[in-house]
Amino acid sequence: MSSKPVVLIAEELSPATVDALGPDFEIRHCNGADRAELIPAIADVDAILVRSATKVDAEALAAANKLRVVARAGVGLDNVDVSAATKAGVMVVNAPTSNIVTAAELACGLLVATARNIPQANTALKNGEWKRNKYTGVELSEKTLGVVGLGRIGVLVAQRMSAFGMKIVAYDPYVQPARAAQMGVKLLALDELLEVADFITVHLPKTPETLGLIGDEALHKVKPSVRIVNAARGGIVDEAALYSALKEGRVAGAGLDVYAKEPCTDSPLFELDQVVCTPHLGASTDEAQEKAGIAVARSVRLALAGELVPDAVNVQGGVIAEDVKPGLPLAEKLGRIFTALAGEVAARLDVEVYGEITQHDVKVLELSALKGVFEDVVDETVSYVNAPLFAQERGVEVRLTTSSESPDHRNVVTVRGTLSSGEEVAVSGTLAGPKHLQKIVAVGDYDVDVALADHMVVLRYEDRPGVVGTVGRILGEAGLNIAGMQVARAEEGGEALVVLTVDDTVPATVLADISAEIGAASARSVNLI
């Protein structure tokens, strides 16, 4: 019997992956896509390396008696049950930067292909047809490219396409205008971008807010000559609405690498000659696969040695005090709530930790909060190490404040940010009881006591009779059930704040109806799943 830790490679990976692991491990192989082969193979291994075909779900994790690390050689984690892994104490790592260049290059390729009809002309010529006139294209030079989402990949696309002589504009509410200006990019509201862009490329994370963002309404605002590329996430561009816009001549062309349901081999869009399609090739280059394999191999080595793992998705790899660990998911969720309430990235962000917990090193709570702040902002997996980089790239000043004094609760974590307008947004939370119930205890200056839920709504409005009833009526008419509600106010007749927990996501249209009817100063939806 080998005394070396066992690493199971469940899919074909670059030979450089094994080289990066080195001689200190027993390497085994299996076909992870075959459940009958995977389940027994995973039983006694310390780590498993996968790509996208192997599903490491609750069943597989339950069969893994010794598993300490799941390593995804790539960016996406759709095939890994991160929640179940966390509950099982299994670290999940990926390679968050392995494919950003590859993905950006594919988006650029789709832009060029849609402009010049390259795939269509290629197919026609190979079929014996010489159709120079039919496939006349348009130049990229001096055209306006609208980048929807100015994260790392969006920035790389903007840089590369500016070399074609394109004027770059972008929509990203989480990027400071000064930061965009440094890159030669002009920030616009989404409606403005839709109206002026000759080409549009999407680089956003897929969230309830971005799903269908480029839909029927948006596609009625664009130029009829516009060409739209989506190499980010399927569903951000509404495929049915895009098909209608193309058929009706309201959009000139499209380049698609991702789809709402994958694998996708049958779509009305595939019938249209002005659509260029690829089967989710964003990460499919030899270089990206090699980078991903080497990155996760290094992470596995660190994790099995008990060291800090930079690309850990669900836990930090260093030593964390037992009293601090339960606060990690709370701090991360507070960061996500802060972003939802702020609607933009803060110019300055303060993570404040109060109470007994501060006798330990709580730096990881700052990282966890920062991880949450950017979770729904960037189109990349956010880890404990790259979260500060995202803040640095956006010019966000981050500070950690600690104090052993906490008059109202044993321990409290607050995420407080100053926006570009000077407005301050803050949310505070604590853990209650032996089961560590996660609760919000303050929103700004308002004291509340609300258990965290997957779906929440926060409203600020002028205190007066009938508002709660109006909110309940509109949600009821939309088929949305209120699970809990708390109203807080500074004084009678002044401003009031209500926090609701609901059973499902509140659509933007419903939230807008509520805001209009009650005259809300602000209305925000928070989704933590």
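**Close-up views of a predicted model**

View 1. Leu-38 touches Cys-30, Asn-31, Gly-32, Ile-48, Thr-54, Lys-55 and Ala-60, leaving aside residues up to four places away in sequence; contact means heavy atoms within 4.5 Å. The model is predicted: local features need pLDDT of at least 70, side-chain atom pairs count only at pLDDT 80 or more, and totals for chains, interfaces and linings use all residues. Residues are numbered from 1 along each chain as its sequence is written, and side-chain values use heavy atoms, with hydrogens and water left out. Leu-38 sits in helix 2 (residues 35-41). Helices (H or I, at least four residues) and strands (E, at least two) are DSSP runs, numbered from the N terminus. Leu-38 is buried, at 0% relative accessibility. Buried means under 20% relative accessible area, exposed over 50%, and partly exposed in between (1.4 Å probe, protein chains only). Between the C-alpha atoms of Leu-38 and Ala-451, which are 413 residues apart along the chain, the separation is 39 Å.

**View 2. The largest nonpolar core and Phe-338.** This core has 51 residues, and those with the most contacts inside it are Ile-337, Phe-338, Leu-365 and Phe-374. Helix 13 (residues 327-342) gives the most to this core, with 8 residues. A nonpolar core is a set of buried Ala, Val, Leu, Ile, Met, Phe, Trp, Tyr and Cys residues joined through side-chain atoms within 4.5 Å. Not counting residues up to four places away in sequence, Phe-338 touches Ala-346, Leu-349, Val-373, Val-415, Arg-416, Gly-417, Leu-419, Val-425 and Val-427.

**View 3. Packing of helix 13 and helix 14.** Helix 13 and helix 14 (residues 363-375) pack at an angle of about 40°, with axes 6 Å apart. That angle makes helix 13 oblique to helix 14. Axes are lines fitted to C-alpha atoms, for helices over the stretch in contact, and angles run from 0 to 180 degrees between N-to-C directions; under 35 degrees counts as roughly parallel, over 145 as roughly antiparallel, 65 to 115 as roughly perpendicular and the rest as oblique. The contact includes Gly-327, Leu-328 and Phe-338 of helix 13, and Val-364, Leu-365 and Val-373 of helix 14.

**View 4. Helix 7 and its neighbours.** In helix 7 (residues 152-162), 8 of the 11 residues are buried, so this helix is largely enclosed by the rest of the structure. The buried residues are Arg-152, Ile-153, Gly-154, Val-155, Leu-156, Val-157, Ala-158 and Met-161. They pack against helix 5, strand 6, strand 7 (167-171), strand 9 (199-202) and helix 15 (386-393).

View 5. Asn-117 has a positive phi of about 55° although it is not a glycine, and lies in the loop between helix 5 (100-116) and helix 6 (118-126). Asn-117 is buried, with a relative accessible area of 12%. Glu-142 also has a positive phi, near 70°, but is exposed, with a relative accessible area of 71%. The loop holding Glu-142 runs between helix 6 and strand 6 (144-148). The peptide bond from Glu-262 to Pro-263 is cis, with omega near -5°. Pro-263 lies in the loop between strand 11 (253-256) and strand 12 (275-277).

**View 6. Gly-395 and Val-175.** Gly-395 is in the loop between helix 15 and strand 14 (397-403) and is exposed, with a relative accessible area of 54%. The C-alpha atoms of Gly-395 and Val-175 are separated by 8.7 Å, although the two are 220 residues apart along the chain.
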